[in-house]
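Colleague: I'd like to go through this model with you and ask how you back up each label. Can we look at it together?

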Amino acid sequence: MKRVDDFRLRFGNNEYVPIMVGGMGVDISTSELALETARLGGIGHISDAMVEDVSDRRFDTSFVKDKTKLYKFNINNSDKSVVQFDLERLAEAQRLHIGKTMEAKQGPGLIFVNCMEKLTMNGPRETLRTRLNAALDAGIDGITLSAGLHFGSFALMADHPRFREAKLGIIVSSVRALQIFLRKNAKLDRLPDFIIVEGPLAGGHLGFGMDWADYDLMTITRELLAYLKTENLDIPLIAAGGIFTGSDAVSFLEAGAAGVQVATRFTITNECGLPAKVKQEYIRATEDDIIVNGVSPTGYPMRMLKSTPAIGAGIRPGCESYGYLLDATGNCAYINSYNREVAAHPELKVVSVMDKTCLCTHMRNFNCWTCGHYTYRLKDTTHKKADGEYQLLTAEHVFKDYQFSVDNQIALPEKEG
Ligand SMILES: Cc1cc2nc3c(=O)[nH]c(=O)nc-3n(C[C@H](O)[C@H](O)[C@H](O)COP(=O)(O)O)c2cc1C
């Protein structure tokens, strides 16, 4: 019986343990988690979601405070088009977050950054160009393009000296999305170094509609492998979404995937950025507590715990401080929903907004508990302590369990105390 460690993910002449730990914004997949993954020979991800805020918390910068001060005059205005990111400052935050992570890297693995196109930041092209190029400046090993079709993203970094050296890849959920990406980028003569196929059981935003349950990762993986073969494209395909045990991973590696990307099992590790209380919520969750809904202003369905404080919370839009989801015209679906409720209930001091959520503020405060489908199985991966809380794990424990387990077994950690 094979185990994940019998396989290797190859980039050129280099080999890695074929386990990627996926990007989880906002700072849920921390530098610490990515560094541990790289130390153990796999590929870790940090995320550049709300990077100015992440920098403020980690490096004592004041990007958010300064931006809030600058745009304070606009807080009661529903037109947010004036709220622009200063590209110099954005690049500085990105270089800090990524540069400090890369400086600390040890071991044989790699660290990539997850860059979501849906963070349109009131200037989709220029802000994405800034983020991508600053990531390359800061020495990131690779970039994973996510949450979007990324038709123009390669072109945005084509002039960077590291464009052909860094590992660049994209997350897709269908053959069609990959075909379009390849067609749109054909003239650059630069193929992606890896492709991640993410199925409908993943955490975060889904690349499917509300009919997500009709799709299945193994089927889409096989379709993508067949497509790559027909096109004679030798690009490693990484499968993601709902791979919960080492044996699950082996089934994808045996089917021809070059690696797997996993995330949910790492949400209850010490290195994960979620607050300790939220980690306990994840472990306690039952299958019925996990839903896929449309509250994200991005328009993509998102999976989360039903009890997440973000649902229904009618807070004032926080765009003057954050504004990561403002589209090219300075709008966000939450602003419309919020204004509608305020107009409908002028007598209320605090309104409730059910259809959309202020994702920036809630993600920043760890109040949007997005999670993978199998979050309800996390309780089977650890011990319940005498006080009713669950023991957290180390990233090393979870990584090695994926790497070495057989027979769908899950290794429990040594009991604390
Ligand atoms: C809490 C959480 C947050 C996530 N955030 C992001 C994100 O910001 N960007 C992204 O591309 N994927 C995100 N994902 C998806 C993961 O990177 C990964 O591909 C997927 O969850 C793997 O499936 P698994 O969680 O079942 O192992 C997130 C997943 C989780 C669990």
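Predicted model: local features only at pLDDT ≥ 70, side-chain atom pairs only at ≥ 80, totals over all residues.

Colleague: What makes strand β6 largely enclosed?

Modeller: A residue is called buried if 20 or more other C-beta atoms lie within 10 Å of its own. In β6 (residues 142-146), five of the five residues pass, so the strand is largely enclosed by the rest of the structure.

Colleague: How do you know that β5 and β6 pair?

Modeller: Pairing takes at least two bridges between the strands. Five bridges join β5 (residues 110-116) to β6, and the two run parallel, so by that cut-off they pair. The chain gets from β5 to β6 through helix α5 (residues 124-137), a right-handed β-α-β crossover.

Colleague: What joins β6 to β7?

Modeller: Four bridges, with β6 and β7 (residues 167-172) running parallel. I143 has L168 in β7 as its bridge partner.

Colleague: Which residues have the most contacts inside the largest nonpolar core?

Modeller: I143 is one of them, along with M50, I140, V197, I238, A239 and V260; that core has 124 residues. In soluble globular proteins, nonpolar side chains tend to be buried together. Leaving aside neighbours within four places in sequence, I238 is in contact with residues including M20, F194, I196 and V260.

Colleague: Why are β9 and β12 called edge strands?

Modeller: The open sheet has three strands in the order β9-β13-β12, with antiparallel pairing. β9 (204-205) and β12 (290-293) each pair on one side only, and that makes them the edges. β12 pairs with β13 (residues 302-305) over four bridges, and V292 has R303 in β13 as its bridge partner.

Colleague: Which residues come nearest to the ligand?

Modeller: Of the 30 residues around the ligand, these are G22, S146, G203, G204 and G372. β5 and β11 (259-262) are the elements that give two or more residues to that shell. The shell divides into 14 nonpolar, 15 polar and one charged, with Gly counted as polar.

Colleague: And what do the buried residues of α13 pack against?

Modeller: β3 (19-21), α1 (31-39), α9 (246-255) and β11. The buried residues of α13 (residues 395-404) are A395, V398, F399, D401, Y402 and Q403.

Definitions and conventions
Residues numbered from 1 in each chain as written. Buried ≥ 20, exposed ≤ 12 C-beta atoms within 10 Å, placed from the backbone. Right-handed = clockwise from strand over helix to strand, strands pointing away. Near = placed C-beta within 6 Å. Contact = placed C-beta atoms within 7 Å. Core = buried A, V, L, I, M, F, W, Y, C linked by C-beta atoms within 7 Å.
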